[in-house]
Amino acid sequence: MAYHSGYGAHGSKHRVRAAPDPPPLFDDTSGGYSSQPGGYPAPGADVAFNVNHLIGDPMANMAMAYGGSIASHGKDMVHKELHRFVSVNKLKYFFAVDTAYVAKKLGLLVFPYTHQNWEVQYSRDVPLPPRQDLNAPDLYIPTMAFITYVLLAGMALGIQKRFSPEVLGLCASTALVWVVMEVLALLLGVYLATVHSDLSTFHLLAYSGYKYVGMILSVLTGLFFGSHGYYVALAWTSSALVYFMVRSLRTAALGPDSMGNPAPRQRLQLYLTLGAAAFQPLMIYWLTFHLVR
Amino acid sequence: MAFTLYSLLQAALLCVNAIAVLHEERFLKNIGWGTDQGIGGFGEEPGIKSQLMNLIRSVRTVMRVPLIIVNSIAIILLLLFG
């Protein structure tokens, strides 16, 4: 009887210990267990007693091994499917930020005119993560700015007594659709102009997402200082963003090896950069003017 | 202009349909955009026109069967839900 009752309780404990065996599903830092296969602590003799019973029981062994293999197989399958669509390592690069980088980058987005060196730094042909390089694009600021913009839009509409919950979802999906269309148009432009650089989809997504910071600033100024403040902030953030985009994309589009491109291709790239930069103020105005009346 | 994600999907479907409908023999050759007319030298720069022609041909090749499926789904959904 002691054997059966101990089997139920300690069976689950033993399964928890054995499942992290080859692929550790989680770092078990609770005090009682260690994550090594054979390193069971010895809290008492009864644990060892029941463990011996379990090791001796072939059915429990088979069940444990089967469960562990199913768990690892499921984990591999999920990882494989995820890796087919989104390269998680590349995505992790864009979120490797810290507070100093975010603060400096926000200041750069608002006032880029005094920044001297716009080149993205590389270490052995691999671009440095945003933590170590101010010029590297990141996806943290655009994501946070997008969410803040949606919340701010809801608040602005609420101040004007035009709020309803559907409007929030509509605003979010409209902004998302515009971002997707802009990224697709930029991808098409990059493909047609055969720009040989390491501008991946996520880079373009990051650069498109920086306009949300300008949008937030314009809407905030419009809420505090009325319509005139909105237009002043719109002009300031638009010009700052255009300058930022042109300087960043010109160095980013050249890539790590800046060979001299033939003249027509360079002109195409310049037109693409200018078009992308000129599109930003239009989008800022379009997505915010209905919030500030 | 309020978009939903569904309207984005519809617009994308219509655009891809429009690209896939361009017939190689009857239309593209007559305006000089056939894929056998465009491949210039093996120099460095493909140029916009040959990139566009490659894009059209690859969209036609790759998306033929998935477009059939997605169009059928869209037709059924529109018939059912308006």
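How many residues does the contact take from chain B and from chain A? In this predicted model, where local features need pLDDT of at least 70, side-chain atom pairs count only at pLDDT 80 or more and totals for chains, interfaces and linings use all residues, side-chain values use heavy atoms, with hydrogens and water left out. Residues are numbered from 1 along each chain as its sequence is written, while chains are lettered from A and ligands numbered from 1 in the order in which they are written.

The contact (heavy atoms within 4.5 Å) takes 14 residues from chain B and 17 residues from chain A. The buried area, which is the accessible area (1.4 Å probe) that two parts lose on being put together, summed over both, is about 1,400 Å² between chain B and chain A, and carbon and sulfur atoms give 75% of this area. Helix H1 (5–21) and helix H3 (47–62) of chain B are the elements that give two or more residues to the side of chain B that touches chain A; helices here are DSSP runs of H or I with at least four residues, and strands are runs of E with at least two, numbered from the N terminus. H3(B) gives the most, with 5 residues.

Chain A has 10 helices and 2 strands. From the N terminus on, the elements of chain A run α-α-α-α-α-β-β-α-α-α-α-α. Of the 293 residues in chain A, 37% are buried, that is, under 20% relative accessible area (1.4 Å probe, protein chains only).

Note on methods. Buried means under 20% relative accessible area, exposed over 50%, partly exposed in between (1.4 Å probe, protein chains only).
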